[in-house]
Amino acid sequence: MSVVKVIHLIGQSEESFAKAADAAVEEATQTIRNVKSFQVDELSGQVVDGKISMYRASVKIAFVIER
């Protein structure tokens with residue numbers, strides 16, 4: 001039997017939503033073992049001078065708890 005924990009992170013990128021989500025997953029895997037999946041809940045961004053300057057992805061990261 002296993003237990004899965006889910007955390008919520010917000011990744012950001014100056015290039016795209018996909019890279020923002022990737023940043024969140026990459027950061028999670030730096031300190032968490034057994035990351036198994038992710039889910040993008042919300043996309044948002046920042047606009048400066050009428051242009052998109054920052055992409056943000058709100059991401060749920062799921063990982064198996066070790067005993």
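Strand 2 and strand 3 pair in the antiparallel sense, with 12 bridges between them; two strands count as paired if DSSP finds at least two bridges between them. The model is a predicted one, so to speak of local features takes a pLDDT of at least 70 and side-chain atom pairs count only at pLDDT 80 or more, while totals for chains, interfaces and linings use all residues. Residues are numbered from 1 along each chain as its sequence is written, and side-chain values use heavy atoms, with hydrogens and water left out.

Helices (H or I, at least four residues) and strands (E, at least two) are DSSP runs, numbered from the N terminus. On the other flank of the sheet, strand 1 and strand 3 pair over 10 bridges, again in the antiparallel sense. Put together, the three strands make an open sheet in the order 1-3-2. Strand 1 (4-13) and strand 2 (35-48) are the edge strands, each pairing on one side only. From one strand to the next, the twist averages 15°; axes here are lines fitted to C-alpha atoms, for helices over the stretch in contact, and angles run from 0 to 180 degrees between N-to-C directions.

Some of the partners can be picked out by name. Val 40 stands opposite Val 59 of strand 3. The hairpin of strand 2 and strand 3 has two residues between the strands, and Asp 49 takes a positive phi near 55° there.

Now for the helix. Helix 1 lies across strand 1, strand 2 and strand 3, and runs at about 40° to strand 3. The largest nonpolar core has nine residues: Ala 20, Ala 21, Ala 24, Ala 28, Ile 32, Ala 57, Val 59, Ile 61 and Phe 63. Helix 1 (17-31) and strand 3 (51-64) are the elements that give two or more residues to this core. A nonpolar core is a set of buried Ala, Val, Leu, Ile, Met, Phe, Trp, Tyr and Cys residues joined through side-chain atoms within 4.5 Å. Buried means under 20% relative accessible area, exposed over 50%, and partly exposed in between (1.4 Å probe, protein chains only). Setting aside neighbours within four places in sequence, Ala 20 is in contact (heavy atoms within 4.5 Å) with Gly 11, Gln 12, Ser 13, Tyr 55, Arg 56 and Ala 57.

Tyr 55 turns up again in the one aromatic pair of the structure. Its partner is Phe 17, and the two rings sit edge-to-face, 4.9 Å centre to centre with 85° between the planes. Rings of Phe, Tyr and Trp (its six-membered ring) pair if their centres lie within 6.5 Å; planes under 30 degrees apart count as stacked, over 60 as edge-to-face and the rest as tilted. The pair links distant parts of the chain, with Phe 17 in helix 1 and Tyr 55 in strand 3, 38 residues apart. Phe 17 is partly exposed at 32% relative accessible area, whereas Tyr 55 counts as buried at 18%.

Ser 58 also lies in strand 3 and is buried, at 12% relative accessibility. Its side chain makes a polar contact with the side chain of His 8 (2.4 Å).

Methods: A polar contact is a pair of N or O atoms within 3.5 Å; within protein, one must be able to donate a hydrogen and the other to accept it, and residues adjacent in sequence count only if both atoms are side-chain atoms.
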